[in-house]
Amino acid sequence: MGLQFEDTKLGFLAEVLRRRVEGGGGNPDAYLSSLEASRSNQELGALAHDLTVGETYFFRHMDQFRAFAEVALPERLSKRRNQKTAGVEPTLQILSAGCASGEEAYSLAILVREASVDLPGGVSIRGVDVNPLTLKKAIQGRFSNWALRETPPEVQRKWFRQDGRDAVLNDTARSGVRFEERNLLDDDDELWPPGAYDIIFCRNVIMYFTPDSAHALIARITRALAPGGYLFLGHAETLRGLSQDFHLRHTHETFYYQRKNAVSVPTTARPNTPFPGTVSARPAAVEVDGSWVDAIHKAAERIRSLATPTVESTPVVSVPPRDMRLALDLMQRERFSEALDVLRDLPPELAGDPDVLLLHAVLLVHSGQLSSAEETCRQLLALDDLNAGAHYVLALCMEGVGDRGRAAEHDEIAVYLDPGFAMPHLHLGLIARRVGDREIARRELEQAISLLEREDAARLLLFGGGFQRESLIALCRAELSACGEQ
Ligand SMILES: C[S@@+](CC[C@H](N)C(=O)[O-])C[C@H]1O[C@@H](n2cnc3c(N)ncnc32)[C@H](O)[C@@H]1O
């Protein structure tokens, strides 16, 4: 199923497995063989019920549903309307992957009905999950009022009727969705036809997966989405480190993704599970026992090894470590213009290397060349939409020209892309304090302190503006006490 269990959850896993093995005759080897013999047997469903988290409710994260209704749906409808396929009526295809008891798929169905879609083939919504018991509940269409806690009263009145303590969804919305028991990690040509889906919701699923499983699932989703199709992940999930085949979209105060036209994942090949040579979604922390230049260099190497070359990106070239180290060394000694000269003297084919661009942008900010720094960040984002560092540097540029609103927006994107990145939290805290929003200032500064304590040392050296970890923490504390916090 692709699930990951932290060490603290291993006792729970052992207990579930012990119970299931005992119920199946008590022989662990026989139990394992029977599980392996058939990938879709009842026992797997029972295990899924015990091991997965099925928490969900209608209109969970309403901002994403607004982006769905106002951006993704109309755009994909107009694409499908203009599609000319002889003899086949265009249909809009939506997938709710990991749909649990159906609230997400039904929320989409309600919005599609509200939009009075005019498309000859209509809209097909498919909900799939590995847990047969939650699917049974989905098919019944009967929910507790707790599941409607985020549903506006007028939507409740229009689409539900009360039956005792339950709210029953009306048939028009129910008939728009079909549910199926599927394991998202199975090779399944019927579930993942190339380019078939317009919009995929796969929220709060990969957060429970191992990095390899998350990578394999995102590769399947990439293949199965039409070019320009949309992907919605959960609030705590990002594609950073998992894919470079999507543009990040940020509207309605939420984030989602749009598939690029050309992608690195072949759209015809059959997926393998798991993908060979996949990388961990979260880069390991860099150990800094030598000089800071070595640490930064190791980080740059790591970033390069994580980057999957895409059809659209420039070929990966290796920057001579000596030049990179020299530029970094000069930056640490605040000799910014000499450091910039080193980067400018690099051969032209290296100028587009993402690491060089990022370092270049940081140096330009330090030397006050904000518009050039902004341009360099944009160049980097054209190669890698999901580069949190580039968004942070853009935030510094925006603040430098007095645009605090856009500065905060870029900090928020950086935080979304990399929740462990301390500096954008610190920056958001400072901006909030300047504009007198103490509550946000406190929240962001506290978050910055807790992240700074374990922030990647190399990243601190690159983005810390020359300050040591302790000095940055002291700055946060001083700002916090200025907000009235002890
Ligand atoms: C937390 S729920 C998310 C429900 C809904 N998407 C939402 O965000 O409200 C996660 C669901 O993913 C399902 N799931 C986990 N691993 C799966 C797999 N390998 N294949 C299919 N579904 C899976 C679980 O059974 C569970 O119902």
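I took a patch to be made of residues with over 30% relative accessible area and no salt bridge, like charges being joined within 9 Å and nonpolar side chains (Val, Leu, Ile, Met, Phe, Trp, Tyr) within 5 Å; a salt bridge is a side-chain nitrogen of Lys or Arg within 4 Å of a carboxyl oxygen of Asp or Glu. Accessible areas come from the Shrake-Rupley method with a 1.4 Å probe, and for residues only the protein chains shown count as cover.

The model is predicted, with local features needing pLDDT of at least 70 and side-chain atom pairs pLDDT 80 or more, while totals for chains, interfaces and linings use all residues. Residues are numbered from 1 along each chain as its sequence is written, and side-chain values use heavy atoms, without hydrogens or water.

Entry 1. I looked up the nonpolar surface patch that Val-53, Met-207 and Tyr-208 make, and its area is about 260 Å². I found Met-207 in the loop between strand E7 (197–202) and helix H9 (211–224), helices (H or I, at least four residues) and strands (E, at least two) being DSSP runs numbered from the N terminus. Met-207 counts as partly exposed because its relative accessibility is 43%, where buried means under 20%, exposed over 50%, and partly exposed in between.

Entry 2. I turned to helix H5 (residues 103–114), whose 12 residues reach 16 Å from first C-alpha to last, close to the 16 Å expected at 1.5 Å a residue, that span being 1.5 Å times one less than the number of residues. Of the 12 residues of H5, 10 are buried, so the helix is largely enclosed by the rest of the structure; among them are Tyr-106, Leu-108 and Ile-110. Just after H5, I noted that Ser-116 takes a positive phi of about 40 degrees.

Conventions. Buried < 20%, exposed > 50% of the residue type's maximum accessible area, 1.4 Å probe, protein only.
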